[in-house]
There are 2 protein chains.
Amino acid sequence: MSLNPADAALAGRLPAGVLRPLTPAYLEEPRRRWSGQAGLVAAPRNTDEVAAVVRACAEARVGIVPRGGGTGLVGGQVMPGGPAPLILSLERMTALRGLWPQENVLVAEAGMSLQAVRDAAAGAARLFPLSLASQGTAAIGGCLATNAGGVTALRYGTARALCLGIEAVLPDGRVIHDLKRLRKDNTGYDLRDLLIGAEGTLGIITAASLRLVVPPPDTGVAMLAVPGPAEALSLLSLAEGRMAGGVTAFELIAGQGLAFLAEVLPDIRRPLPDAAWSVLIEVGLPEGLPPGDALEGLLVDALERGLVLDGVIAQSGQQAADFWNLRENLPEANARIGAIASHDISLPLSEIAGFIRDAEAALTARAELRINCFGHLGDGNLHYNLFPAPGRSRDAYDDRRKALSDLIHEMVMARGGSFSAEHGVGRLKVAELERWADPARLAVMRTLKAALDPLGIMNPGAVLAPAPG
Amino acid sequence: MSLNPADAALAGRLPAGVLRPLTPAYLEEPRRRWSGQAGLVAAPRNTDEVAAVVRACAEARVGIVPRGGGTGLVGGQVMPGGPAPLILSLERMTALRGLWPQENVLVAEAGMSLQAVRDAAAGAARLFPLSLASQGTAAIGGCLATNAGGVTALRYGTARALCLGIEAVLPDGRVIHDLKRLRKDNTGYDLRDLLIGAEGTLGIITAASLRLVVPPPDTGVAMLAVPGPAEALSLLSLAEGRMAGGVTAFELIAGQGLAFLAEVLPDIRRPLPDAAWSVLIEVGLPEGLPPGDALEGLLVDALERGLVLDGVIAQSGQQAADFWNLRENLPEANARIGAIASHDISLPLSEIAGFIRDAEAALTARAELRINCFGHLGDGNLHYNLFPAPGRSRDAYDDRRKALSDLIHEMVMARGGSFSAEHGVGRLKVAELERWADPARLAVMRTLKAALDPLGIMNPGAVLAPAPG
């Protein structure tokens, strides 16, 4: 590769052997909203090398875009404009530093994939509960930097709740060593949680101490047709009351999603093909209580209360996998249909039914379109996506796309919700954050950014708009 | 009261009616290590008044010591020296701002006692799981400011894990409004967790949105005699594997603790009076699995494996209460015996048995003394307290107290532990933090303190030593 003089000078100050060819894959993000740009790609082999790269970039005043698996959906991993940054890829830092089954703790380097972390835990008869569609590629460091959520957050929390400690390189190259394997440690400010969810703008997480669990003796899965979202939420309360924390996942599926599957992925089995609304529930229960029996008891109770219209309890591992396969193919079906706009929202649980009702009315009054509303109902987290009316193209909505998204976010925020439940801010939602964040909170965020990264080199333009001047 | 001119000037700038008489109770902490001092006591009635008090103190450069229930054990609530501060008591901010049973959310003002929060939740058939011996007095704001732990952290986490959002007054009087009722919200830096555990040094939490749970249908309690700490930890793994997250508490009790109870509180029932080591386990299980049956199954399994020597499963609510009563009277028995030194330590679970063995050997080689080691074994959190040999007085150990505590902390830190698991740093452990904290982490803490509280008025001298000059 031929470098401009500034990049060549920076390259000369990096540890030997860290540079990688700038291939297109480093400049991509999954939804192809942007293409990134970069001067150099560095892939350090260890934390000291990360620190050396960061120090060199600080001296050269070159921005750093940290990159894990590159699966983020809000553009945190690509910098489309401005001075060309250095991409700092964690791809070579994939070591499992330690595993303590009795402690339910594992220490992973940031570049390890989520699937590799899960596999390492499983090899010791443990479960790392975080679970995402992209887990084969997503790096654990990126999962932490973005506080990833997924389908098991209802029971086990988001990435934040599964992290006991971190090692991280600060914007000046200093290293925080805090890979503790402790459940309780009240010795000063919580820098771990400050870096988690900061999307690489305050430092680079290089390794993490992660919380494992002993997997439940047995799990059970059911698909239940419900009259509507309000009944789905009452069903959730009923299930939580009966299961004592044993509900692992509680996913809402709209009839529109089933119709999309039938249209573009007809081979996917749909056990309740005509349900206007359905729920996928997974439970993991103690020894002595077969999950099938517990789900049967829930189903009988819920049918009596009118919360469920019909239901199928998986009778085999294959059937359970089929139910999950349906759920996990909803995003793929959406992609094949082609969304006008996607939204990753959350709401207080008691606001969800009203929001779904009012948003549908408001949107369909403004445009002919289809709505697929699905996701992690137990967390109040919906993926609320708009699609063209049958026979129309996405482009036909270009002039209304922003107005429709604004309307959705306005209705969400008026009900005390969030415009980014689990994907983060990245570069996609910087303006939304400016618009909606509490002013004092936003001011404190800017103060922290300026205090920890006075040169503004850590993932510039992500989360916070660059400081003026 | 007669005020000096500076305090009189400050008093004149406070909202009308916020001042309270400076009674001795405001200057006390439970272990009587220090007596505090203050110029004024202000008890604002609402968040705007808190902000007004903070702004007035900022203008007058007067330090503020926030005060909840005053039950903290590390002196975070008293300032024994330096310029007299204003004590900002949250005692009038005790409103329940809202309760949403279906959401499992409650919003409480900071001055509400933990017991009042628990009672409000119970009134809606919900559980706020945080549980401490001092909950009748401890304020929820203080529980959050110190990230309180207690006996249910194993299952439900510490205070941090139970808080969804906060309202807080910053050191310049601005108010962060972030009382969200959301499980997922990835919109920028996690200021909530930065203020939680900061012990009032970065701002004052005035209200919090708290996570409730649906209580388990039924709970069960057992006392189990174990051969030693290593077997207790294997028993924990076994119980977690069988119970699928259903273990609520797992408390270690040393034979020395039972002996102290027999000596000073002989009316407390001791079901396994001669156990060298025992465990109190509580489980909360789903509908369809009687906790007594599940504990019976665990007991049989554990007896076969040699992890348990003897056991008693509570057959009634009264018996369960008796078992907890024993556990909760251990600190009172300790107080009556009179400790030489107390330690709130945590360790990686796999280091605990070795630490207990080695620490006892090292300490008894240096001094004739008795050790009572008990606490939240499931969290790796031990209260490790030293007592005089029979017939000797605490004063006889005055010259060795610090050396003994240093030795314990050195052994804990060498094994990757913490010198303050759940009590915090306060003023008691400032030097320990300086000694043991990762240097980069400590430097970042100072940077954050300087950025958010440049005047150094928020709880001066707590957590961090005052900046020189």
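Me: Before I look at two helices that cross, what do their axes and the angle between them stand for?

Reply: Axes are lines fitted to C-alpha atoms, for helices over the stretch in contact, and the angle runs from 0 to 180 degrees between N-to-C directions. In this predicted model, the axes of helix 8 (residues 255-264) of chain A and helix 10 (residues 317-337) of chain A come within 9 Å and cross at roughly 70°. Since angles of 65 to 115 degrees count as roughly perpendicular, helix 8 of chain A and helix 10 of chain A are therefore roughly perpendicular to each other, and their crossing is left-handed.

Me: Which residues of helix 8 of chain A meet helix 10 of chain A?

Reply: Helix 8 of chain A contributes Gly257(A), Leu258(A), Phe260(A), Leu261(A), Glu263(A) and Val264(A), and among the residues they meet in helix 10 of chain A are Leu326(A), Leu330(A) and Arg336(A). The residues of this contact divide into eight nonpolar, three polar and two charged.

Me: How should I read the order of strands in a sheet?

Reply: Strands of a sheet pair through backbone hydrogen bonds, either parallel or antiparallel. Here an open sheet of four strands in chain A has the order 1-2-4-3, with mixed pairing, and its edge strands, strand 1 (19-20) and strand 3 (64-67), each pair on one side only. Strand 1 of chain A runs antiparallel to strand 2 (residues 40-42) of chain A, and two bridges join them; Leu19(A) has Ala42(A) in strand 2 as its bridge partner.

Me: How is chain B related to chain A?

Reply: A rotation of 180° with 0.0 Å of shift along its axis superposes chain B on chain A, with an RMSD of 0.0 Å, which is the relation of a two-fold axis.

Terms used: Residues are numbered from 1 along each chain as its sequence is written. Chains are lettered from A and ligands numbered from 1 in the order in which they are written. This is a predicted model: local features need pLDDT of at least 70, side-chain atom pairs count only at pLDDT 80 or more; totals for chains, interfaces and linings use all residues. Side-chain values use heavy atoms; hydrogens and water are left out. Two strands pair if DSSP finds at least two bridges between them. Copies are superposed by least squares on the C-alpha atoms of residues with pLDDT of at least 70 in both. Angles under 35 degrees count as roughly parallel, over 145 as roughly antiparallel, 65 to 115 as roughly perpendicular and the rest as oblique. A crossing is left-handed if the near helix is turned anticlockwise from the far one by less than a right angle, and right-handed if clockwise. Contact means heavy atoms within 4.5 Å. Ala, Val, Leu, Ile, Met, Phe, Trp, Tyr, Cys and Pro count as nonpolar, Asp, Glu, Lys and Arg as charged, and the others, Gly among them, as polar.
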